[in-house]
Structures are given as C-alpha cells and as structure tokens.
Amino acid sequence: MPSEGDENYLTTAEVARRLQVKPATVYAYVSRGLLTSVRARGRRGSLFPTADVERLAARSVEHSGVVERIESELTLLQNDNLYYRGHSAQSLATTATLPQVATLLWTGQLPTDSGGMSTEVRSAAGLFGFEREGVELARAAMDVVPAGARLTDRLRVAVAVLGAADPLRFDLSAASVTAAAGRLIGTLVAALPGRIVTRTTLGGKLWPKLTDAEPRPEILDAALILLADHGLAVSTVAARVAASARANLYAVISAGLGALDGQYHGAAPTLAYEFLDRAKHDPLQALSDQLRSGEPIPGFGHRIYQHRDPRADVLLELLGDHPIVSTIHAIAEHTPTFPNSDLAIAAVMHAYNFRPDAGDALFALARMIGWTAHALEEYAAPALRFRTLGIYTGQPT
C-alpha cells in the first residue's frame with residue numbers, strides 16, 4: 001500500500017488536474033477500468049499509478065471532456081455587463097450598425113470605414129442582402145407548414161431548404177461562411193410573411209413582418225445586436241457541437257434552432273409577453289396571480305446577472321415614457337428582482353402591437369449571428385472534440 005508522497009502515484013486532485021476533468025470523472029474512469037486506484041497508507045483517499053494516468057492522458061484526445069470547458073474569444077459576461085470581443089454590447093447597440101457588430105463577432109474587427117480593412121472584413125460589412133430566387137424558395141418552404149405555425153417553425157423549415165439548395169455549403173472557409181450567414185439571414189427576413197422593404201437596415205426590413213405600426217427600425221436593430229450572442233447558452237453549445245463535426249453552416253443553424261425551441265430557452269419571450277399582457281391591465285393583480293401559482297415571474301431575474309440585465313436597460317430606455325414601461329416599473333417595485341431581456345422584448349411587442357410569436361423569431365434571427373461566430377471558432381479548432389465520456393448505468397452484462 002503506497003504512501004501519498006510516493007512519486008509513482010498521484011492523488012485524485014492531481015489526476016483531475018492532469019486530465020483536466022472533475023474528480024468525479026476520475027472515479028468514473030476507475031469504474032470503466034481505465035484507471036486503477038489503490039488506498040493511500042495512513043489516510044483516507046485513493047492514489048493512482050502515475051504511469052496509468054499518463055497513459056490515459058495520451059489518449060485524452062478521444063475523450064477530452066472539453067464540453068465542460070470551452071474557450072472562446074467572443075462574449076464576456078462580467079459584473080452585470082455584456083461585452084462582444086471587449087466592446088460593450090450596450091454601447092454597440094446605440095452607436096454601431098448591425099453589420100458592424102456582426103463583422104466584429106465574425107472577424108474580430110469592428111469596421112469603421114474601408115481604409116485598412118481586410119478583404120474578409122469588407123466582404124462581411126456588406127451583409128444581409130438577398131436574391132429573389134432564394135426568397136421565393138424560402139417562401140415556398142415556409143408555405144408548407146400549417147397556417148397556424150409560428151414564425152420560428154417557418155424559419156427552421158426554410159433554413160433546411162436553403163441549405164439543400166446551396167451547392168457551396170460545404171465550403172467552411174471563413175469568407176464563405178460569413179457570406180452564407182449574411183445571405184441566409186437577409187433571405188429569411190425577406191421571406192417571412194408580409195411586405196418586403198429595401199433600402200433600410202435589417203431591423204427596418206424585419207419591422208413590417210412583425211407589425212403594422214409606424215416603423216422604428218432602430219429598436220429592432222438594437223435588439224438584434226443585444227441578442228446576437230450571450231456566451232454558451234444551450235443553443236450555442238448545440239451549434240458548436242454540430243460545427244465540431246464539421247457540419248455546414250445551415251446544419252449548425254438548424255442545430256441551434258432545435259435547442260432554441262425548448263420551453264426553457266427560446267420560448268421565454270413569449271412567456272414574458274403573455275404575463276405582460278395580463279399585467280398591463282392590473283400590474284399588482286397579475287403579480288399576485290403569478291406568485292400564487294408558485295412559478296417564477298416571467299421576464300424577471302437572470303441566472304447570470306445579479307442586479308440588472310444590461311440588454312433590458314437599453315431596450316426599455318428606447319421605449320421612453322411609453323405606458324408599458326410604467327407597467328414594468330410598477331411590478332418591479334414589488335419584487336426583489338429586475339427586468340430581463342425577455343421582458344424588454346415583450347414590452348417592445350406590446351408597445352408596437354407585434355404579432356404574439358414575434359419575440360421568439362426575433363431571438364432566433366439575432367442568435368444566428370452569434371451561432372455563426374461560434375461555428376467559425378469551432379471550424380478553426382480540432383474536429384470532433386466534443387466526444388465526451390459516457391458512464392453506463394444500465395443492467396450489468
């Protein structure tokens with residue numbers, strides 16, 4: 001029985017550091033016969049032969065466990081602030097254009113003019129255009145779904161069809177991917193039910209698809225910027241896993257849309273919209289009913305932000321003194337939490353009479369920008385690095 005100081009053996013903590021896994025995973029390796037453990041002399045705990053650990057480390061490319069820790073240069077959430085590549089998302093939402101922010105996320109450069117920009121950046125800056133043939137194809141695909149289908153259902157079908165129609169979809173070079181992403185998003189917006197407008201921003205093109213109200217494209221442009229990425233949300237992880245397998249951009253977007261359709265993710269704006277619809281008539285009664293249900297208050301609080309959601313701050317500020325903002329303040333005065341971006345999107349929807357499923361679609365279109373950026377990072381990383389270790393818990397053989 002070796003002692004803990006024996007150089008031929010490592011402690012559980014040392015093995016975990018060497019293999020870059022959690023201590024629980026070390027014992028999972030033991031249960032699978034990948035490591036051998038022995039009792040430490042004179043104290044509690046196990047020791048592991050150094051040679052076995054090094055042998056397993058050499059094989060770790062097959063089961064790297066990297067899904068638990070993904071390095072990214074894209075988005076930082078820190079001290080209740082959101083940053084894209086070191087730039088404040090709050091500031092970008094009101095001072096930069098959406099093509100500039102997309103280019104920043106996709107290339108790492110924030111374009112200001114054409115002077116000194118790389119070809120890749122100049123190409124990315126002319127984003128979100130569309131061709132008539134692509135719009136007609138996307139609309140034909142969207143028309144296949146039932147009349148009562150949500151906008152996000154139409155988006156998912158159209159993405160798959162547009163991908164099948166793109167013969168260059170397997171070109172994973174950065175220039176090809178960014179061009180395809182801009183064209184895809186522009187085509188999807190144009191193909192959504194409603195009139196097509198041109199010579200305006202993407203937010204301006206999206207506006208008549210969601211409402212007949214007097215256009216305020218700067219609000220949708222700001223929302224698209226603020227929702228473009230938010231770190232490793234579940235849909236983003238799904239998109240990165242697909243990209244790690246070298247799936248093409250359309251398949252990556254489809255993977256993200258699949259995860260986004262979950263009731264705990266992409267459906268959040270709709271839940272906030274429905275709650276705010278009740279609250280605008282009687283804020284305190286709506287709050288009382290929600291508290292009595294025992295369910296969380298839709299659109300309030302956040303898993304990451306502690307005191308405020310910077311995205312909500314920007315959007316509510318853009319709404320000014322609209323009565324819906326007063327409704328939100330009336331609720332917030334009686335809760336210990338704060339409005340989040342879902343509630344801010346719901347407020348925009350009520351303020352300008354958006355269709356009820358507009359929030360989910362807005363979220364999906366914005367996040368396509370972020371998924372593209374994450375896909376580009378994965379394409380530059382070793383392939384298939386998300387092969388995680390499964391621990392069998394079924395019947396013994």
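Rings of Phe, Tyr and Trp (for Trp, its six-membered ring) count as an aromatic pair if their centres lie within 6.5 Å, with planes under 30 degrees apart called stacked, over 60 edge-to-face and the rest tilted. By that rule, Trp207, Tyr352 and Phe354 make up one aromatic cluster. The model is a predicted one, in which local features need pLDDT of at least 70 and side-chain atom pairs count only at pLDDT 80 or more, while totals for chains, interfaces and linings use all residues. Residues are numbered from 1 along each chain as its sequence is written, and side-chain values rest on heavy atoms, with hydrogens and water left out.

As for confidence, pLDDT (the predictor's confidence in each residue, from 0 to 100) has a mean of 89 over the protein chain, and 90% of the residues reach 70 or more. Where pLDDT is low, the predicted coordinates should not be read in detail.

Back to the rings. A search of the whole structure turns up three aromatic pairs. Helices (H or I, at least four residues) and strands (E, at least two) are DSSP runs here, numbered from the N terminus. On accessibility, buried means under 20% relative accessible area, exposed over 50%, and partly exposed in between (1.4 Å probe, protein chains only). Tyr27 is partly exposed at 39%, whereas Phe48 is buried at 0%.

Another pair, Trp207 with Tyr352, is also edge-to-face, with 5.3 Å centre to centre and 65° between the planes. Trp207 sits in helix α10 (residues 202-210) and Tyr352 in the loop between α18 (341-351) and α19 (358-379), so parts that are 145 residues apart in sequence are tied together. Trp207 is buried at 1% relative accessibility, and Tyr352 is buried too, at 15%.

Two strands pair if DSSP finds at least two bridges between them. Strand β1 (residues 9-11) pairs with β3 in the antiparallel sense over three bridges, and Thr11 has Leu47 as its bridge partner. Strand β2 (residues 38-39) is likewise antiparallel to β3, over two bridges, with Val38 standing opposite Leu47.

Further along, three strands make an open antiparallel sheet in the order β4-β5-β6. β4 (75-78) and β6 (87-88) are the edge strands, each with a single partner, so one side of each is left without a neighbour in the sheet. Two bridges join β5 (residues 81-84) to β6, and Tyr84 has His87 as its bridge partner in β6.

Among the helices, α15 (residues 283-293) has Ala286, Leu287 and Gln290 buried. These residues cover an arc of only 100° around the axis (taken from the directions from the helix axis to the C-beta atoms), which puts them on the same side of α15. An α-helix has 3.6 residues a turn, so residues three or four places apart point the same way. The buried residues of α15 pack against α14 (268-279) and α17 (323-332). Just after α15, Gly294 takes a positive phi of about 80°.

His350 lies in helix α18 and is buried, at 13% relative accessibility. Leaving aside neighbours within four places in sequence, His350 is in contact with Tyr273, Leu276, Asp277, Lys280 and Ile324. With Asp277, a polar atom of the His350 side chain lies 3.4 Å from the backbone nitrogen.

Thr236, in helix α12 (residues 234-244), is buried with a relative accessible area of 0%. Not counting residues up to four places away in sequence, Thr236 touches Asp229, Gly231, Arg367, Trp371 and His374.

Key
Contact means heavy atoms within 4.5 Å. A polar contact is a pair of N or O atoms within 3.5 Å; within protein, one must be able to donate a hydrogen and the other to accept it, and residues adjacent in sequence count only if both atoms are side-chain atoms.
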